Amino acid sequence: MIRENIERVQEEIWRAAERSGRRAEDITLCAVTKTVDAQAAQEVLDAGIVTLGENRVQSLLEKYEVLADRPDWHLIGHLQTNKVKYIIDKVSLIHSVESVHLAEEIDRKAKAHGIVQDILIEVNVAGETSKFGIRPEETERFLEQIAGLSNICVRGLMTIAPLPQKKGENRKYFSKLRELFVDIQSKKYDNSNIDILSMGMSRDYEEAVEEGATIVRVGTALFT
Ligand SMILES: *Cc1c(COP(=O)(O)O)cnc(C)c1O
């Protein structure tokens with residue numbers, strides 16, 4: 001069933017890409033394995049998916065014990081500063097950086113490992129009080145504040161859109177994040193190479209692709 005779900009989601013991504021004049025190869029399906037075990041995650045890999053997303057450090061570490069670095073691991077959920085040390089040599093991308101303090105700790109730990117860690121800035125694009133992320137209007141200032149950290153590379157922006165009441169409702173947020181993305185691409189920061197826009201989940205990934213997502217993070221649609 002997982003294999004069929006993956007095929008269906010990928011086909012919908014291709015269609016959305018085509019509708020918006022984009023190339024399907026430019027969009028990565030990040031399979032969010034937070035609700036399933038390592039064996040199901042293995043099935044996802046067997047079906048040809050490369051990128052797995054986990055929202056909690058603990059569940060990433062548990063699956064890492066089984067799958068090691070076969071997947072390309074992404075940490076997509078809120079990250080506490082004191083947990084950076086556990087994942088710094090295991091993940092290729094951290095989607096959820098939303099404080100200078102956290103960026104500094106990632107930089108410090110990356111330096112200790114002799115690596116440059118790719119990160120995304122999480123933006124609370126709908127201004128929901130229940131969500132993490134910086135406010136859209138803070139983005140440039142945030143990038144300036146962390147521009148001196150040479151062991152992180154800012155690759156782009158991420159958002160978790162609200163739970164939509166009806167289809168199409170989140171398009172405006174995706175479009176807003178995309179505008180912000182284009183804005184910061186035109187600025188030059190020493191530690192950035194802005195080319196990733198992470199937005200869209202099971203309920204709204206097609207709109208997200210149409211609005212320019214380069215990574216969609218999909219869980220439920222693959223596993224139910
Ligand atoms: C769980 C989760 C997803 C996937 O959500 P689904 O609705 O299951 O597709 C995407 N992004 C983040 C940050 C998540 O925590």
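Predicted model: local features only at pLDDT ≥ 70, side-chain atom pairs only at ≥ 80, totals over all residues.
A disulfide needs two cysteine sulfur atoms within 2.5 Å. Cys153 is in no disulfide either, with the sulfur of Cys30 as its nearest cysteine sulfur. The structure as a whole holds zero disulfides.

Where do these two cysteines sit? Cys30 has 0% relative accessibility, so it counts as buried. Cys153 is buried too, at 15% relative accessible area. The cut-off for buried is under 20%.

Now turn to the ligand. The ligand sits in the largest pocket. Around the ligand you will find Val32, Lys34, Asn55, Ile76, Ile160, Met201 and Ser202, along with Arg217, Val218, Gly219 and Thr220. Five of its residues are nonpolar, four are polar and two are charged.

Next, zoom in on single atoms. Arg217 places a polar side-chain atom 2.8 Å from a nitrogen atom of the ligand. Thr220 also uses its side chain: a polar atom there lies 2.5 Å from an oxygen atom of the ligand. Gly219 works through its backbone, where an N or O atom lies 2.8 Å from an oxygen atom of the ligand. How much of the ligand does the protein cover? On its own, the ligand has 390 Å² of accessible area, and the protein covers 89% of it.

Definitions and conventions:
Residues numbered from 1 in each chain as written. Heavy atoms only, no water. Near = heavy atom within 4 Å. Polar contact = N/O pair within 3.5 Å; in protein donor to acceptor, adjacent residues only side chain to side chain. Areas by Shrake-Rupley, 256 points an atom, 1.4 Å probe, with all protein chains shown as cover. 1 Å grid on protein atoms, 1.4 Å probe; cavity = no way out; pocket = protein on both sides within 12 Å on 5 of 7 lines; lining within 4 Å. Sits in = over half its atoms within 2 Å of the grid points. Nonpolar A, V, L, I, M, F, W, Y, C, P; charged D, E, K, R; others polar. Buried < 20%, exposed > 50% of the residue type's maximum accessible area, 1.4 Å probe, protein only.
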